[in-house]
Amino acid sequence: MNHVLDRWEPENPDFWRKQGEPVANRNLWISIPCLMLAFAVWMLWSVVAANLDKAGFHFSKDQLFFLTALPALSGATLRIFYSFLVPVFGGRRWTAISTASLLIPAFGMGLALRDPGTSYSTLLGLALLCGLGGGNFSSSMANISFFFPKARKGYATGMNAGIGNLGVSVVQLVTPLVISSAVFATSIAGQGVLFHDPKSGLDSSYWLANAGFIWVPFIVAATLAAWFGMNDIASAQASLADQAVIFKRKHNWLMCWLYVGTFGSFIGFSAAFAMLIKAQFPEVEVARFAFLGPLAGALARPLGGMISDRIGGARVTLWVFLAMGLTILLGILPALHTHQFTLFLASFIGMFILTGLGNGSTFCMIPIIFQTERERAAAGQGEAAQQQARLDAGKESAAVLGFSGAIGAYGGFFIPQSFGTSIRMTGAPDMAMVVFVGFYASCMLITWWYYARKGAPMPC
């Protein structure tokens, strides 16, 4: 099979119908499990930190929140670089390489978590390495955006990111199961650690190393599938200098701000959810509920993309930010004040659904914004100029998809840190929640002024 596509014209209906769609879908459906594993590795500490005490590790709440936040910090930073690597290396090559890199934190955590005497600094280093999974999102989204026509980009990026985001809920569902059973031989996972549960009065054994080792065979399989089954697009090649033009584009920075509000909230709440439940509702069994929010958010993301393809991404994004602010004010904060876990859980699941819808809608906006902007700049210069404008728009929007994903991912660091700081200073997470409401209000204003109002400069 020729892995390099010398001709790729997704906006040509005849080409798309006869040749393009099957190839694009094959690349999409290989990309999705690779991205799902990346999210699983990235969010490992959101589950592991809540179970460290069961395996004999003893750290403060602030230290545990920091462990859950650190992968987001390194992942977001790596995303900045990953955003620009697909046009340099090719989508197939970079997907295979970046997926294989997940073996480092997965295997490393397996080795380190066998011993309760492992130092906190070592665990911090492994938390940073889990950021390799976070970096993959930007390159994956940039790559998939090249394969699909404008009318299908909302669907494609929504499916890639939405099902890929399921890795967050998968890791939070699978990890509690595998750490409580001897999945691997003692020579691999070590001896189980006996833990006495003061709630139930029962003794149980835990193999925390399984949290890392369980992903190794799946990572190997996904790497091979990417290497042998995906494609590179010749026309998508671009140097770092070519892509750096996005830093001069106002809408790049505006969409970064909005994506902090949508994806930043999703990944930040995902990282903090288990620890927040444990801190505020210690009587609740965290493993039974922690995966529900990320699962709801991930499933909502493709829906957000598809709705936006029909009614416009800006309209969906605007209503999402309004609903997110109201959910905190009318649901989460009252639930915390009255200690009602059912209301807290329902409100947070609603918040996750809203972040998923917003993730899909903001990523639907980006290709439309940059194609419109480049076509306006080339207006009246002939068909050749319009074709070049569409090609340039594809490269710019791919870079912006990746770069905004990078900036948005910093929410995964700041949200858990905000909760930890608020609890340390005031004894409750309320202060952090109020700050989030103010931020969502700013996102509403930007969306309305630039993209959603009548006469907006860039309606989308």
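Of the 460 residues in the protein chain, 60% are buried (under 20% relative accessible area; over 50% is exposed and in between is partly exposed, using a 1.4 Å probe and protein chains only). This is a predicted model, where local features need pLDDT of at least 70, side-chain atom pairs count only at pLDDT 80 or more, and totals for chains, interfaces and linings use all residues. Residues are numbered from 1 along each chain as its sequence is written, and side-chain values use heavy atoms, with hydrogens and water left out.

Let's start with the whole chain. It has 20 helices and four strands (DSSP runs, numbered from the N terminus: H or I of at least four residues for helices, E of at least two for strands). The C-alpha trace spans about 75 × 50 × 35 Å along its principal axes. Residues 24 or more positions apart account for 84% of the contacts with a separation of 6 or more (contact means heavy atoms within 4.5 Å).

Now for helix packing. Two packed helices are described by the angle between their axes and the distance between the axes. Here, axes are lines fitted to C-alpha atoms, for helices over the stretch in contact, and angles run from 0 to 180 degrees between N-to-C directions.

| Helix pair | Angle | Axis distance |
|---|---|---|
| H2 (44-51) and H14 (250-280) | about 20° | 7 Å |
| H14 and H20 (430-452) | roughly 145° | within 11 Å |

H2 and H14 are therefore roughly parallel to each other (angles under 35 degrees count as roughly parallel, over 145 as roughly antiparallel, 65 to 115 as roughly perpendicular and the rest as oblique). On the H2 side the contact uses Ser 46, Ala 49 and Ala 50, while H14 brings Ser 270, Ala 271, Ala 274, Met 275 and Lys 278.

H14 also meets H20. Among the residues in that contact are Trp 257 and Phe 269 from H14, and Phe 436 and Tyr 450 from H20. The contact of H14 with H20 has 13 nonpolar, five polar and one charged residue (Ala, Val, Leu, Ile, Met, Phe, Trp, Tyr, Cys and Pro count as nonpolar, Asp, Glu, Lys and Arg as charged, and the others, Gly among them, as polar).

Finally, zoom in on one residue. Ala 409 sits in the loop between helix H18 (383-408) and helix H19 (411-426). Ala 409 is buried, with a relative accessible area of 0%. Beyond its neighbours within four places in sequence, Ala 409 is in contact with Trp 42, Ala 72, Ala 76, Arg 79, Phe 263 and Ile 267.
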